[in-house]
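Please open the model in your viewer and keep the sequence panel beside it.

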Amino acid sequence: MSGRARLQATLAALGLTLGTLLAGCAGNAGTVTDIRYDLGLRSAQGASQGAQAVPAAPGASHAKPPLKVLGVIAPPPLDNDGIHYRMNFDSQRTARYANSRWTMSPARLLTERLRTSLGAQATVLSGSDAVQAPMLKVELYEFEQVFESPTESSGVLSARATLLQGGKVLAQRSFVTRAPSSTPDAAGGVRALQAASDDFANQLGAWLSAQSFAGTP
């Protein structure tokens, strides 16, 4: 099979065509429907897992300790609204869908998700708030749909979280979460990345609850 034929076969498996990609790059609004996605509402299962991950200590005060959740940092390839996918079976080729995009960059979407999720166990502040409090910095390294074959893929998120206070690092941990895609297209990738994001938020919340700041007023 020639290189062009193999590319066409692969794109067909993803529900794309060369013409669609070219039209998307040209920005022809008359022939391409621009579909926008966000991370949606947290699933009931994800919210339940998050609540169970941070049990209240006996006799603990109902007051939540403050935590500054800084905006998620991402490298240039993720600092845009593109929905990225990677073909592990095709020389690690990467691309982004031509007519499907996020409503904002993955870093901004994840910032909102984390602030909402972590608000269940702490008084969440932004970095600009003039309050002395520990700071959480999250660096996003991977946020894409990864194909192991033309029909099998997963949403993969990798990030590093750093907890700081007074200019000192209190704790640091790297996370990798993934969830299977139900369909080999942008919609399937989005649903998988939504699930991977919820898993990351739950794991991050459990990790933070084990740090010393959690019981510090």
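Begin by colouring the chain by pLDDT, since this is a predicted model: the average over the chain is 80, and 73% of the residues score at least 70. Select residues 15-31, where pLDDT stays under 50 and the model has 18 contacts beyond four places in sequence, and then residues 44-61, where pLDDT also stays under 50 and the contacts beyond four places in sequence number 11.

Next, turn to the largest nonpolar core, which has 37 residues, and select L136, V138, F200, L204 and W207, the members that touch the most others. At least two residues of this core come from each of β2 (66-69), β3 (82-87), β4 (93-102), α4 (106-118), β6 (135-147), β7 (153-165), β8 (168-180) and α5 (186-209), and the largest share, nine residues, is supplied by α5. Centre the view on L204 and, leaving aside its neighbours within four places in sequence, you will find L114, L118, L136, V138, A161 and F175 in contact with L204.

The last stop is the aromatic rings, of which the structure holds five pairs. Select Y85 and Y97, a tilted pair with 4.7 Å from centre to centre and 50 degrees between the planes; because Y85 lies in strand β3 and Y97 in strand β4, the pair ties together parts that are 12 residues apart in sequence. Y85 in strand β3 and F147 in strand β6 are 62 residues apart, and their pair links distant parts of the chain. Y85 and Y97 are both buried, F147 is buried as well, and ring pairs link these three residues, Y85, Y97 and F147, into a cluster.

Conventions. Residues are numbered from 1 along each chain as its sequence is written. This is a predicted model: local features need pLDDT of at least 70, side-chain atom pairs count only at pLDDT 80 or more; totals for chains, interfaces and linings use all residues. Side-chain values use heavy atoms; hydrogens and water are left out. A nonpolar core is a set of buried Ala, Val, Leu, Ile, Met, Phe, Trp, Tyr and Cys residues joined through side-chain atoms within 4.5 Å. Buried means under 20% relative accessible area, exposed over 50%, partly exposed in between (1.4 Å probe, protein chains only). Helices (H or I, at least four residues) and strands (E, at least two) are DSSP runs, numbered from the N terminus. Contact means heavy atoms within 4.5 Å. pLDDT is the predictor's confidence in each residue, from 0 to 100. Rings of Phe, Tyr and Trp (its six-membered ring) pair if their centres lie within 6.5 Å; planes under 30 degrees apart count as stacked, over 60 as edge-to-face and the rest as tilted.
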